[in-house]
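Please look through the sequence and the structure shown here before reading on. The report then takes up a few features, one at a time.

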Amino acid sequence: MMTSALLKLTLIGLICAIAVSGSPEWHNDPDGGVIRSPNYPGNYPNNQNYAYVINAPKGYIVVLTMKSFITDDVNSLGDKTDYLKIYDGRKNQDPVGIDLYGTMTSPYRYISNNRRVRMKFISDANGTFPGFSMRYDVINRKSHCDLEGLAVDHGAIDFCNGTKARFATQCTIHCDDGYQLHGGAVTHCLHNYFTQVHCQLESPDQMQAGLDDVSNDVIKASKPRSPRLPEQLPRK
Ligand SMILES: [Ca+2]
C-alpha cells in the first residue's frame, strides 16, 4: 500500500516536473523587470530550448531594452547555433519580430505591436556564452507617447514626466532666443500623440514671416509611425 502510494506520488511529481520544465517563464509585472538567459551572468547550458512570455494588459505594448547580449555565432555552414527569437504576439503563427545572435556592440531596443511578446532561447550542443540580460517595460498607449516622434523646431525639450523606456506622459519645452511659445509650455500625450505647441518668431517684423511659415514651426509629433525601431543587432 505504502509502495503504491509512494509510486503514485513519485509519478505525479515526475509529471509536474516535466510540465514545469516545459512551461515558459512568465512576466506580468506592471512595473516591468529584468529577463535573463539561463544561468546569466554565467554561461548558458548547451541544448537549451527556453521560453519566456511577457503579458501586458489590454491597450499596452511591451518594450524590451537589451542591456547585454553575447551568444555563439553561426557555424562553418553559416547556420546560427545559439539565438534568441522574439515573437510579437501570443500564437506560434505570429510573426518573428527579431532573431538575435552573436555579439551586441550597441544598445538594442524592441518595441512590440502587441500586448504579448514571446521569446525562445535556443542553444546547440557545444560552445556557450553568457547570453543576455534585458529590461522589459509595459507601456499604456493611451497615456504614454513615443518620444522619438517629438521634435521641437526652434526650441528644446526641458524634461518629461512619466518616462518609461522612451515613452512619456507629457513634456515641458522652451524656445530658442528670439522665439516665443504658443500653445503653452507643456505638450501632453493624448491618444498616442503629443499635443501641438510651437515656437514662433518674437519680433513683430518677423512675426508675419513666422506666421507664413508656421506649419514648419510646429512640433512634428503627430505623424503616426510604426512602433518598431529599425534598429538591428550588429553582428560580429
Ligand atoms: Ca552553442
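What follows covers confidence, the nonpolar core, strand pairing and some backbone details.

## Confidence in the model

This is a predicted model, and the mean pLDDT of the protein chain is 81, with 75% of its residues reaching 70 or more. Within the chain, confidence is highest in β2, at 98, and lowest in helix α1 (residues 2-22), where the mean is 41.

Two stretches call for caution. Over residues 1-21 pLDDT stays under 50, and the model has zero contacts beyond four places in sequence for them; over residues 214-236 pLDDT also stays under 50, but here the model has 52 contacts beyond four places in sequence. Where pLDDT is low, the predicted coordinates should not be read in detail.

## The nonpolar core

The largest nonpolar core has 42 residues, and the members that touch the most others are I61, V62, V63, L64 and I139. Strand β4 (residues 60-70) gives the most to this core, contributing seven residues. Because domain 1 (24-140) and domain 2 (145-217) both give residues to the core, it lies between them. In soluble globular proteins, nonpolar side chains tend to be buried together.

## Strands that pair with β3

Strand β3 (49-55) has pairings in both senses. Strand β1 (residues 25-27) pairs with β3 in the parallel sense over three bridges, and H27 stands opposite I54 of β3. Strand β8 (residues 116-122), by contrast, runs antiparallel to β3 and is joined to it by seven bridges; in this pairing, M119 of β8 is the bridge partner of Y52.

## Backbone details in the loops

The peptide bond between Y40 and P41 is cis, with omega at about 5°, and P41 lies in the loop that connects β2 (33-36) with β3 (49-55).

Two residues other than glycine have a positive phi: for A165 the value is near 50°, and for N192 the value is near 80°. A165 lies in the loop between β11 (155-161) and β12 (167-168), while N192 is placed in the loop between β15 (186-190) and β16 (193-194). Are these residues buried or partly exposed? A165 has 21 other C-beta atoms within 10 Å, and since 20 or more count as buried, A165 is buried. N192 has 16 other C-beta atoms within 10 Å, which lies between the cut-offs of 12 or fewer for exposed and 20 or more for buried, so N192 is partly exposed.

Technical notes:
Residues numbered from 1 in each chain as written. Core = buried A, V, L, I, M, F, W, Y, C linked by C-beta atoms within 7 Å. Helix = DSSP H or I, 4+ residues; strand = E, 2+ residues; numbered from the N terminus. Domains from an automatic or database assignment. Pairing = 2+ DSSP bridges. pLDDT = per-residue confidence, 0-100. Contact = placed C-beta atoms within 7 Å.
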